[in-house]
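Hello,

I am passing a structure on to you and would be glad if you could look it over. My notes come after it.

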Amino acid sequence: MIITKIRLSNFGPYLGEHDILFGNEGKGIHLFRGGTGQGKTSLQNSIIWALYGIVHNRKGKEIPPTSILNREAHSNGIFSFGVQLYFTHNQKPWILNRRTSSRFHQDKRYRSGEKFSQI
């Protein structure tokens, strides 16, 4: 599996939609650097969440969906977030899409509203 692009939507510190492209069709080594609070761990968590639907903090405790949603989106009454992973596997392109939303900012509603699809 070679990730070629990640599209984030209101995930962690990423308000709105953001595309992170991996040059050279995702091949090679890609390094992310930045100061504390710049989104490196959130980017890692977005990949894990897209694949497994759950993310744990450094102490091994699950991070609730209410903590994954971007704070500014929440302040603006937007209660949805998602991740799309664009990747190749066996030389075929794939898109893995995981989104969740709620009408209210409550954990149970996020979990019941989660949608997962592969294209």
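This is a predicted model: local features need pLDDT of at least 70, side-chain atom pairs count only at pLDDT 80 or more; totals for chains, interfaces and linings use all residues.

Residues are numbered from 1 along each chain as its sequence is written, and side-chain values use heavy atoms, with hydrogens and water left out.

The largest pocket holds about 500 Å³ of space. Its lining has 22 residues, and Gly12, Pro13, Thr41, Ser42 and Asn45 are the closest to the centre. (A pocket is an open set of points on a 1 Å grid over the protein atoms alone where a 1.4 Å probe fits, with protein on both sides within 12 Å along at least five of seven lines; lining residues have an atom within 4 Å of a point. The volume is the space filled by probe spheres set on the points.) Helices H1 (40–52) and H2 (65–68) each supply at least two lining residues, and H1 gives the most, with four. (Helices are DSSP runs of H or I with at least four residues, numbered from the N terminus.) By type, the lining divides into six nonpolar, 13 polar and three charged residues; Gly counts as polar here, and Pro as nonpolar.

Helix H1 also contains Ile48. Ile48 counts as partly exposed because its relative accessible area is 29%, between the cut-offs of under 20% for buried and over 50% for exposed (1.4 Å probe, protein chains only).

Best wishes
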